[in-house]
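Open the model in your viewer and colour it by confidence. The stops below go along the chain, one selection at a time.

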Amino acid sequence: MYTDIDDDVKIGLNYSQQALEIAKYLNDNELTSNCLESIANSLGRLDKHVDVLSYLTQTLEVRKETDSKLLPSSYISIGHYYLWNVPNYKKALEFFELALGI
């Protein structure tokens with residue numbers, strides 16, 4: 001909410017990081033993956049793109065482990081990362097095709 005409504009990305013990032021710790025403590029993989037994705041989005045808004053890929057990859061790995069319905073979303077997010085931030089169109093296409101394959 002902070003990052004979308006109030007445009008205070010740092011506060012939103014802090015809350016997402018706290019929520020991630022709680023999700024891990026609860027061993028809630030779905031919540032963990034959502035927190036990781038939220039952190040990645042906040043870092044992207046702060047132009048910390050190297051960190052974004054790390055968090056998106058962690059999100060993907062958690063969702064692979066839990067057979068999450070959000071797995072295609074992770075592939076698409078990583079595809080967008082390669083499309084807009086690197087850019088590496090070939091790598092972006094690989095991730096978009098993985099999402100389509102599901």
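Start with the two ends of the confidence scale in this predicted model. Select helix 1, residues 2-6: among the elements of the chain, helix 1 has the lowest mean pLDDT, 61. Then select helix 6, residues 89-101, which has the highest, 97. The chain as a whole averages a pLDDT of 92, and 94% of the residues score at least 70. Where pLDDT is low, the predicted coordinates should not be read in detail.

**Helix 2 and helix 3**

Next, select residues 9-25, which form helix 2, together with helix 3. How far apart are the axes of helix 2 and helix 3? They lie 9 Å apart, and the two helices pack at an angle of about 160°. An angle over 145° counts as roughly antiparallel, so helix 2 is roughly antiparallel to helix 3. The crossing of this pair is left-handed. To see the contact, show side chains on helix 2 for Val9, Leu13, Ser16, Gln17, Ala19, Leu20, Ala23 and Lys24. On helix 3, show Leu31, Thr32, Cys35, Leu36, Ser38, Ile39, Ser42, Leu43 and Arg45. By class, this contact of helix 2 with helix 3 has 10 nonpolar, 5 polar and 2 charged residues.

**Helix 3 and helix 4**

Helix 3 crosses helix 4 in a left-handed sense. Residues of helix 3 in this contact include Asn29, Glu30, Leu36, Glu37, Ile39, Ala40 and Leu43. From helix 4, the contributors include His49, Asp51, Val52, Tyr55, Leu56, Val62 and Arg63. The contact of helix 3 with helix 4 counts 8 nonpolar, 9 polar and 4 charged residues.

**Helix 4 and helix 5**

On the helix 4 side, look for Val50, Leu53, Leu56, Leu60 and Lys64, among others. Facing them from helix 5 are residues including Leu71, Tyr75, Ile78, Tyr81 and Tyr82. Sorted by class, the contact of helix 4 with helix 5 holds 10 nonpolar, 6 polar and 2 charged residues.

**Aromatic pairs**

How many aromatic pairs does a search of the whole structure find? It finds 3. For one of them, select Tyr75 and Phe95: their ring centres are 6.3 Å apart and the planes stand at 40°, so the pair is tilted. Tyr75 belongs to helix 5 and Phe95 to helix 6, so the pair links distant parts of the chain, 20 residues apart.

Key: Residues are numbered from 1 along each chain as its sequence is written. This is a predicted model: local features need pLDDT of at least 70, side-chain atom pairs count only at pLDDT 80 or more; totals for chains, interfaces and linings use all residues. Side-chain values use heavy atoms; hydrogens and water are left out. Contact means heavy atoms within 4.5 Å. Helices (H or I, at least four residues) and strands (E, at least two) are DSSP runs, numbered from the N terminus. Ala, Val, Leu, Ile, Met, Phe, Trp, Tyr, Cys and Pro count as nonpolar, Asp, Glu, Lys and Arg as charged, and the others, Gly among them, as polar. pLDDT is the predictor's confidence in each residue, from 0 to 100. Rings of Phe, Tyr and Trp (its six-membered ring) pair if their centres lie within 6.5 Å; planes under 30 degrees apart count as stacked, over 60 as edge-to-face and the rest as tilted. A crossing is left-handed if the near helix is turned anticlockwise from the far one by less than a right angle, and right-handed if clockwise. Axes are lines fitted to C-alpha atoms, for helices over the stretch in contact, and angles run from 0 to 180 degrees between N-to-C directions. Angles under 35 degrees count as roughly parallel, over 145 as roughly antiparallel, 65 to 115 as roughly perpendicular and the rest as oblique.
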